[in-house]
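Here's a structure to walk through together. Have the sequence and the 3D view open side by side as you read.

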Amino acid sequence: MEGSNTTWVLLFFLNCVILLEGFQWSYQQQANHVINVVAGSNVSLPCDYVLTPQEEQQADIFHLLTWSREQPYNSDEWAGLAINSTLIGSKVIYDHPQHIFISDRTLNVMNVAEEDHTRYQCSFRSSFFTSPSIIELNVQYKPTDTLLSSLVEPAQEGKLLVLTCTARANPSAEYKFYRNNNLISSSSTGVLTFVSVKKEDQGTYRCVPSNKLGDGPEATLTVTVEDKEEFPVWAYAAIGGSVLFVLLIASSIIVFCRSKKQNKKDKREMGSQNNISRQGTKRGSHIGSTLYGDQTNGGMEIGYPNGALSLNDVRMSREFGYMNGAISLTDVRMSREMPDVMKGAMSANDIRLAEDQRSTVGVAYPTRSVIQLIAAEGEVDSRI
């Protein structure tokens with residue numbers, strides 16, 4: 001642990017000091033920017049450089065060679081893997097020395113896996129400064145994790161249907177589509193499109209991805225095509241519900257308007273009946289105790305005795321004890337409406353005569369209504 005700390009301190013010091021510029025990477029090192037390797041195999045990454053005689057002498061005294069790896073890929077973040085130094089010899093920093101180790105200047109990666117696909121950096125330092133050399137390790141593998149899917153299931157006849165096949169592969173995979181074990185299409189994108197799917201397009205589809213390293217695992221999908229539906233059932237239900245709702249609202253409005261109109265009509269009829277009732281009461285009223293008792297003691301307006309009783313008659317009625325209050329001013333007003341047949345039927349003389357016959361008028365002439373007076377047709381005077 002103490003030696004490792006000393007190495008990193010020395011490395012920091014060397015990074016800050018630039019002495020000579022004679023160092024250069026070998027032609028092979030400069031050409032190996034990318035190394036292709038198949039997953040599962042072994043690979044060696046070189047760290048090759050050319051030194052001048054003076055640099056070789058200095059390197060024999062002291063040098064530090066380091067390997068680091070970019071994690072994750074294209075992040076520009078580097079993690080140390082291995083060190084070769086005149087002070088501590090070769091040492092692996094990586095946690096799995098059986099998988100990655102350093103031999104002289106070379107970094108060895110055993111049983112390469114997909115996660116080893118990234119960039120590796122070699123740097124060499126002595127009494128002079130050098131720029132690192134970067135190599136990309138391109139790990140190739142045949143397709144894996146195949147998946148065949150559709151966004152629509154079941155498919156609708158006449159509608160768009162898209163089948164998508166995906167797989168991880170390096171290099172990229174080609175996709176072959178089979179229906180009922182018959183090859184129907186090959187695609188580099190992994191997409192099979194039916195612009196207007198038909199009933200005969202249904203069946204079991206199979207996708208097989210492949211690249212130069214071989215075929216990947218296949219994936220299957222059963223496609224069902226339903227009959228074309230002119231109008232969906234839910235739409236009928238929605239329309240029917242909307243129409244019923246509108247009808248209910250319209251019916252409620254109609255009932256409300258009719259009820260309101262009927263109430264107004266009933267109020268008008270009640271007012272008219274009240275007027276008729278009042279008029280009928282007036283017409284059917286007696287001339288009260290005017291002459292024959294107290295049936296209409298100033299109670300109602302009379303609709304018949306037109307001119308039969310005058311205001312003088314009312315004044316004169318005060319002379320008769322039994323007539324006091326018998327005829328009201330209303331009776332006098334309404335007397336103008338009495339038919340002509342009653343005109344003159346009762347005069348002031350009738351009332352005066354009644355004074356002398358106060359004791360007998362009730363016997364000789366029983367209480368009569370206006371109708372009876374009308375029927376008398378002007379014979380009241382002669383009877384009195």
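The model is predicted, so to speak: local features need pLDDT of at least 70, side-chain atom pairs count only at pLDDT 80 or more, and totals for chains, interfaces and linings use all residues. Residues are numbered from 1 along each chain as its sequence is written, and side-chain values use heavy atoms, with hydrogens and water left out.

Let's start with S85, which sits in strand β6, residues 78-85 (strands are DSSP runs of E, at least two residues, and helices runs of H or I, at least four). S85 is buried, because its relative accessible area is 4% (buried means under 20%, exposed over 50%, partly exposed in between, with a 1.4 Å probe and protein chains only). What does the side chain of S85 reach at 3.4 Å? That's the backbone oxygen of H63. A polar atom of the S85 side chain also lies 3.1 Å from the backbone nitrogen of L87. Both count under the polar contact rule (N or O atoms within 3.5 Å, one able to donate a hydrogen and the other to accept it; residues adjacent in sequence count only if both atoms are side-chain atoms).

Next, hop over to E218, in the loop between β18 (214-215) and β19 (219-223). E218 is partly exposed, given its relative accessible area of 45%. E218 and A167 are 51 residues apart in sequence, yet their C-alpha atoms are 9.6 Å apart in space.

Last stop: K264, in helix α4, residues 233-284. K264 counts as partly exposed because its relative accessibility is 47%.
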